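Please open the structure and keep it beside you.

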Amino acid sequence: MNKTTAGHDAESGDFNFVEGEWEVHQRYVPSRALVEFFGGLKRKEILGSPVEGTGRIIVPPQDFCELSYRPTGPLVPVGPGGTIRSFTIVHSRFANGPPPPVTMVFVQFDGADTASPGYLQGTALQPGTELELIGARCRAVFVDAPQGDWRDFWFELETEV
Amino acid sequence: MTVPCVLGVAQFPMRTRLPDYTYADLLGRIAYQAVEDSGVDPGDLDGLILSLPPTTTLGVDEAQYWGLAHLPGSRHVLGRVHAAAASGLQAFRLACAWVSAGRARRVLVVGADLADEVANLAGALGQLHDPFTERQVVRNAITSAAVQASAYMAAHKVTSLELASVVVKNRGNGVRNQYAQLRQAVTGQEVADSPLLSWPIRRLDCAPRSSGAAAILVGAEGTGRGGRRTVRAAGFGAFAGARMIGSRMVPGAQSYLDGADLAAAAAQAYAVAGIRDPRTEIGCAELYAAFGIIELLSIEALGLCPKGEAARRIADGEFHADAALPVNPSGGATCGNPLASTGLIRVIEATLQLWGEAGEKQVELRQPTVLVTAIAGAFQSHEVGVLAA
């Protein structure tokens, strides 16, 4: 809490609140696997981490597998095709998101054993057909000049639902 | 091994705003009420655990230093539990473990929330997810629950109105709960007509933003004032789920969509409590569910009905207050959800039912055994407890 200001009731003038604000800037430092993953996005590649001994492939990559407690090995490519496992259509405005409504999907990339979140674009869903998205095929589409960021790609359906 | 029991309880009426209290005052008020309820002298406590989830909602970092020192038991602080909406039940479980192990005779668990002093909870709780990946898409509690609801509707051919049956039931129960924040019944159509937030979740599907407080004194049997049925903590289970929700929504690993992680926690609790058939051995359940879909997944994961049937069974009257196995006769988190105390409130409501002191919300218990749960994060912390009289 870096700034606080005493507040007073507009009518009575009584002290009745203290106004404050957090001022915390953060610089998050990625793991080596994430550095490699985001490097892959710059080459328009999706990478996952294979679990040693089990072959499970985790996207986005992790250093350890939460199912087997084993470490993961060098990253391998997955996708860009995949299957939608679930979704929602967001009608609220988010500071870091595109204007609503926006369809957020969780996609299991071909070759991966996890689903990854992203936005579905290029599809106008008719009311009543929303649930047909689950199980639908889609593929990752990249921006022309990826910057090495999760927002370098979105998803588009391979065929309309 | 000592059997831990509930000696005293107290809860504060849940409201959007509690303008007459600071956090420290609210914490103190509820803590002393619970000790008074137990008949124990405040100087006779030898343990204190604080349930305190992210303090960004309070606007005070490390708020325990504001609220702890004047509480009974503060000379013997055992720690602070910081697990979002699961904090209360997790803290209660740990208090019971201390008593059970003979390391303490009486442990107070206390939590308080002032949720409306921050401009919005989305900002205060918006740093929950991985900053590199998941936080780059629009993720919060509502969108996370919506992803579960979509999958549930698709897998089990459930309609929006059937999905709303949970909220209709709980809001009806909340009318009889003097501590509830929302005490007006709603219809399924009103839920379906409320503003769409994140398809298929609508405004009335969501728990409100709540301030409140709750406290429980745990101790060995016979260390309270007597005169009440003994309510024992008969068993607990806990399970920490995946860090990325996408890790658990693919064929073969679907715990985010089917509640298998909660089922794993329940299996532990049932094994300790000796429960083999929860459908016939549980008399009532107070389940944490900030959204209707969480209650549906919980009822099924806890083995109270087969997969995919909870919504239709609720719509048909099952799990209502007058049914054989009432779920959330208090109205549950649907009618008030202060994060630090919501898990404690589940235990308090269960205890009041077993004591026969639930007032207008008292249900007829087929068995003197009540199930409680708490879930937090994006379906990541799972706590299950069994209380028995």
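1. Start with one strand. In β7(B), which residue is the bridge partner of P4(B)? The partner is A220(B). This is a predicted model, in which local features need pLDDT of at least 70, side-chain atom pairs count only at pLDDT 80 or more, and totals for chains, interfaces and linings use all residues. Residues are numbered from 1 along each chain as its sequence is written, chains are lettered from A and ligands numbered from 1 in the order in which they are written, and side-chain values use heavy atoms, with hydrogens and water left out.

2. Stay with β7(B), residues 212-220. Helices (H or I, at least four residues) and strands (E, at least two) are DSSP runs, numbered from the N terminus. β7(B) runs antiparallel to β1(B), residues 4-11, with seven bridges joining them. Two strands pair if DSSP finds at least two bridges between them. β7(B) also runs antiparallel to β4(B), residues 106-113, through eight bridges. There, R106(B) stands opposite G219(B).

3. How many residues of β7(B) are buried? Nine of its nine are. Buried means under 20% relative accessible area, exposed over 50%, and partly exposed in between (1.4 Å probe, protein chains only).

4. Now look at V186(B). It sits in the loop between α7 (165-174) and α8 (188-193) of chain B. V186(B) counts as buried because its relative accessibility is 10%. Beyond its neighbours within four places in sequence, V186(B) is in contact (heavy atoms within 4.5 Å) with V167(B), V168(B), R171(B), V191(B) and L204(B). From V186(B) to A214(B) is 28 residues in sequence and 27 Å in space, C-alpha to C-alpha.

5. Turn to the contact between the chains. Chain A gives 40 residues and chain B gives 38 residues. The buried area is about 3300 Å², with 68% from carbon and sulfur atoms. Buried area is the accessible area (1.4 Å probe) that two parts lose on being put together, summed over both.

6. Which element gives the most to the side of chain A that touches chain B? β6(A) does, with six residues. By class, that side has 23 nonpolar, 10 polar and seven charged residues. Here Ala, Val, Leu, Ile, Met, Phe, Trp, Tyr, Cys and Pro count as nonpolar, Asp, Glu, Lys and Arg as charged, and the others, Gly among them, as polar.

7. β6(A) pairs with β5(B), residues 196-199, in the antiparallel sense over two bridges. I89(A) stands opposite W199(B).
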